[in-house]
Amino acid sequence: MLLPTSSVERSPRILIVDDDGQIRQLLAGFLRENGFGVALARDGVEMRQAVLAENFDLIVLDLMLPGAGGLDLCRELRRTSSVPVIMLTAKGDDTDRIVGLEVGADDYLAKPFNPRELLARIKAVLRRSSGGSAEPALARQGFGFDGWRVDVLRRELINPDGVLVDLSGGEFELMLAFLESPNRILSRDWLLEATRNRAGDVFDRSIDVLVSRLRRKIEQGGYGIEVIKTVRGAGYLFMPKVTRA
Amino acid sequence: MRSWLNKLGLDTLTNRTILLMLIGIGVVHLASLYAYQLALDRDASIASDVRLADRLLTIKRAVMRVAPLERETVAHELSGGPIEAHWSRAEHAIAGGPGSAEWENLRARIQELAPELTSGQIVIGSNRKLERDPHLALISLQLPDESWVNVSVFSKLTPPSSSHGTVLSTSLMALGVIGFAILLVRWMTRPLRTFADAARRLYQGSDQARVPEEGPREVRELAAAFNEMQARIKRLIDDRTHALAAVSHDLKTPITRLRLKTESLKDASLATSISSDLSEMEEMLDQTLAYLRGERTDEDMRALDLVALVQTLVDDAMDAGSTISFSAPARLALEGRPLALKRAIGNLIDNALKYGMRARLTLSSDAGMARLVIDDDGPGIPADDLKRAFEPFQRLEQSRNKDTGGFGLGLTIARTILNGHGGAIALANRAEGGLSVTVTMPVKAADGTKIS
């Protein structure tokens, strides 16, 4: 049974690599408050030392670093380890994002980011990596069902005609929660835990609303299939056969 | 002056040059033809006077020698061509009258050329019996026995002129010169067209719009000066763009710090308030960077579902407590840049909600065009300001006086993005009040799924 990270006994260890001292300290304080163990590195040199000394559960890596840039460091990390990486990009340009994902980052966040958003992303990435810990990070890139494709890194849903169907952050997390546990009844509480704290969902939209929005985009897209089934009194069931790509 | 020149199609340098050359060649041609004809006429008239004098002498001698009874017959036999001779007891010509100066001239010339004729009286004038005719001269010569020979001259005895050939050859020459002039002017003005193209490309933000520095020296100098000016303008724009982009970019680090600091604030309402201020600052930075980026984009065109894209924006607005509705077909696939389109349509929705309280979105597709109409219930935009609304940094404060944040780039960015998709935005005030924004863009669905 997959459980959200809060139930994991040992608190996850996170390495923060950023050249701005204040951001490093503030981020460390924020993550510690939220139950993570934190180590800090200023640049590539310090990062290499830290990674050699300890096995981290996740690395938060700034793209703009003095010396070796974040992209090079990420590529370097990937050669030896499958530790999840969340990239902090400063530009928010599409190119940076895509390049970051191509060198093997598991997620990205553009500065200036909302700390709660980062927290949500960290939890989501940890949840995904603990789920399939045997697989290397790059193999967790996608899912497929009924002709639809989901690109986890680019956070994209593509319909059977190859057309991009836009999802909100919350809808995408909900989708991932379903894809990771297909053909099983998932309770509202479980789904809420998996999708909460997203920046767009500060209002804690009820899971029912989120499910109905996701349904509308998938089921009413003209394909006439039932994808998410409501199980009265228990929760929701994702019906299609899911493949991993 | 310019307007009528233009109306005649004479607004190009080529046409004006051709016109000037035509006028020039025409004037010179006519003047030389006139001078030539004048000289020709003089020669011809001398030649014809000589021949006239000879004929007159011959007729007079022949008629004198025969008996009076045969004189009329002889005179008749000697007639021919333009000359007709008769014998009579009295003269037929009368001197004086309207053409007398000319007759007197002719008489003087004849007397000079044939002194023998002066043995008797010579009267030149119009025919006494006939109406006056300027082409008809009647010369009466008195014979020694006081009788007269009357000679009618019907026209001047001039040889046929060769002026037709002259006109033809001159016209051919003129045509040749004009043809050559067209080629010459086109060749000379080609650098000007290159300049115009280059200036336009610079305006469109292209990096390379240099004019080749070749051709005559004047053109080379102009090209060099033009290239220098262009480089200066580009440097100026680039510097400012970079400065603005750098400031926008560097502000992201302090904003990130502030965001982290608000997390440790005990006062939750203060934290929320600061957080929303930070969001606003972030939005302004994003809009500035998007504006500076202009049409340059590294996002690829791809097939996307416009319905889902707008639906996400509408849901987000609804979650933020806005009153917004959306009616659309199940799907509408088209080729576009998802992030850019989200920004453009998001800006339009934000405007409608900021200024118009409520937003109603309607998406449809018709004849290969997707059409998104966004209606609001705000005050609209005064007709005079409708065009200005797309200019950067215009906030149209007078009518839309709410404190709204943002600084007037939303519409500019939206229009730039939609133009980049081959689409357009139109603003109109609704009769019922409120503004109606209509976005149209071509549906080029890669997979042909145009579902209504």
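This is a predicted model: local features need pLDDT of at least 70, side-chain atom pairs count only at pLDDT 80 or more; totals for chains, interfaces and linings use all residues.
On the chain A side, the elements that give two or more residues are α1 (21-33), α4 (94-102), α5 (115-131), β8 (156-158), β9 (164-165) and α8. Of these, α1(A) gives the most, with five residues. Counted by residue, 41 from chain A and 35 from chain B take part in the contact.

Next, area. The two chains bury about 3,300 Å² between them, and carbon and sulfur atoms give 53% of that. Pro112(A), Leu164(A) and Asp166(A) lose the most area on the chain A side, together 18% of what that side buries.

How many salt bridges does the rule find across the interface of chain A and chain B? The number is eight.

Now one residue, Lys217(A). Its place is in helix α8 of chain A, which covers residues 207-219. Is Lys217(A) buried or exposed? Its relative accessibility is 6%, so Lys217(A) counts as buried, the cut-off being under 20%. Leaving aside neighbours within four places in sequence, its contacts include Trp148(A), Asp166(A) and Glu171(A) in chain A, and Ala308(B), Gln311(B) and Thr312(B) in chain B.

That brings me to the aromatic rings. Over all chains, the search finds three aromatic pairs. In one of them, Phe145(A) and Phe238(A) have ring centres 5.2 Å apart and planes at 80 degrees, so the pair is edge-to-face. Phe145(A) is buried at 2% relative accessible area, and Phe238(A) is buried at 0%.

Phe238(A) also pairs with Phe178(A): the centres are 5.7 Å apart and the planes at 20 degrees, so this pair is stacked. Here Phe178(A) comes from helix α6 (residues 169-180), 60 residues from Phe238(A). Phe178(A) is buried too, with a relative accessible area of 0%. Ring pairs link Phe145(A), Trp148(A), Phe178(A) and Phe238(A) into a cluster.

The charged end of Arg121(A) sits over the ring of Tyr108(A), 6.0 Å from the ring centre.

Note on methods:
Residues are numbered from 1 along each chain as its sequence is written. Chains are lettered from A and ligands numbered from 1 in the order in which they are written. Side-chain values use heavy atoms; hydrogens and water are left out. Helices (H or I, at least four residues) and strands (E, at least two) are DSSP runs, numbered from the N terminus. Buried means under 20% relative accessible area, exposed over 50%, partly exposed in between (1.4 Å probe, protein chains only). Contact means heavy atoms within 4.5 Å. Rings of Phe, Tyr and Trp (its six-membered ring) pair if their centres lie within 6.5 Å; planes under 30 degrees apart count as stacked, over 60 as edge-to-face and the rest as tilted. A charge sits over a ring if NZ of Lys or CZ of Arg is within 6 Å of the ring centre and within 35 degrees of the ring normal. Buried area is the accessible area (1.4 Å probe) that two parts lose on being put together, summed over both. A salt bridge is a side-chain nitrogen of Lys or Arg within 4 Å of a carboxyl oxygen of Asp or Glu.
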